[in-house]
Structures are given as C-alpha cells and as structure tokens.
Amino acid sequence: MTEELLTKALELFTLTQPYTREQLDQKREELLHTWTPRRFANLTNNPKKYMQAYTKAEEMTRQIESSYALLEAILARDEGRNPDVRRKT
C-alpha cells in the first residue's frame, strides 16, 4: 500500500484520519448512489453521451469499491491495535 493510494481514497471519500466505520459506510452509500451507472439511463437520448456517462459511472463505482476496501482494511487494522475501540454491528 502506498501513501498515494491512501491519499486518493481519503480524497474520494472526503475523509480525514481518524475516521469511524459509520462515516466510511455513510460516504460509501452516498458515493454509490451518486455514481450508480443505471442513474444515467434517462439522462439523454444520445446513445454516445449515454455510454460515456455510463462508462464513467462504472469506473467511479470500481474506484469507490477499491477505495472502500483499502480504507476498511486500515480501519480494521487500527481497531485491532486499539482494544478500546470496538466495532459496532
């Protein structure tokens, strides 16, 4: 893991360290709602513009999921180090 990947993930989620699991999950839901590819279905009747928007949304969804996995792994690692921090389920 590089600092660059971590920085990009934090920027995408607009979070700073330390962050909570609740903040991370909330930001993920917001981002996925914004960038869901099917959201662009009725945006335009121009197939080319639709496919461009759809492709961008697919790419953003992949970035969101990979950034979430990274930030979640860091959070889990930090929770394991600090026994006073308990995971809420």
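Is K56 buried, exposed or partly exposed? Select K56 and take a look: at 44% relative accessibility, K56 counts as partly exposed (buried is under 20% relative accessible area, exposed over 50%, partly exposed in between, with a 1.4 Å probe and protein chains only). K56 belongs to helix 3.

Before moving on, a word on the model. It is predicted, so local features need pLDDT of at least 70 and side-chain atom pairs count only at pLDDT 80 or more, while totals for chains, interfaces and linings use all residues. Numbering starts from 1 along each chain as its sequence is written, and side-chain values use heavy atoms, with hydrogens and water left out.

**Zoom out**

Switch to cartoon: the chain has 3 helices and 0 strands, giving α-α-α along the sequence. Helices (H or I, at least four residues) and strands (E, at least two) are DSSP runs numbered from the N terminus. Of the 89 residues in the chain, 28% are buried.

**Into the core**

Now select F13, Y19, L24 and L71. Within the largest nonpolar core, which has 17 residues, these four touch the most other members. Such a core is a set of buried Ala, Val, Leu, Ile, Met, Phe, Trp, Tyr and Cys residues joined through side-chain atoms within 4.5 Å. Helix 1 (3–13), helix 2 (21–35) and helix 3 (47–81) each supply at least two of its residues, and helix 3 gives the largest share, 7 residues.

Which residues does L71 touch? Leaving out residues up to four places away in sequence, L71 is in contact (heavy atoms within 4.5 Å) with L6, A9, L10, F13, Y19 and L24.

Stay in helix 3 and pick S67. At 11% relative accessibility, S67 counts as buried. With residues up to four places away again set aside, S67 touches A9, L12 and F13.

**Rings to finish**

The structure holds 1 aromatic pair, and here it is: the ring centres of Y50 and Y54 are 5.7 Å apart with planes at 45°, so the pair is tilted. (Rings of Phe, Tyr and Trp, using its six-membered ring, pair if their centres lie within 6.5 Å; planes under 30 degrees apart are stacked, over 60 edge-to-face, and the rest tilted.) Being 4 residues apart in helix 3, Y50 and Y54 are separated by about one helical turn. Y50, at 22% relative accessibility, counts as partly exposed; Y54, at 25%, also counts as partly exposed.
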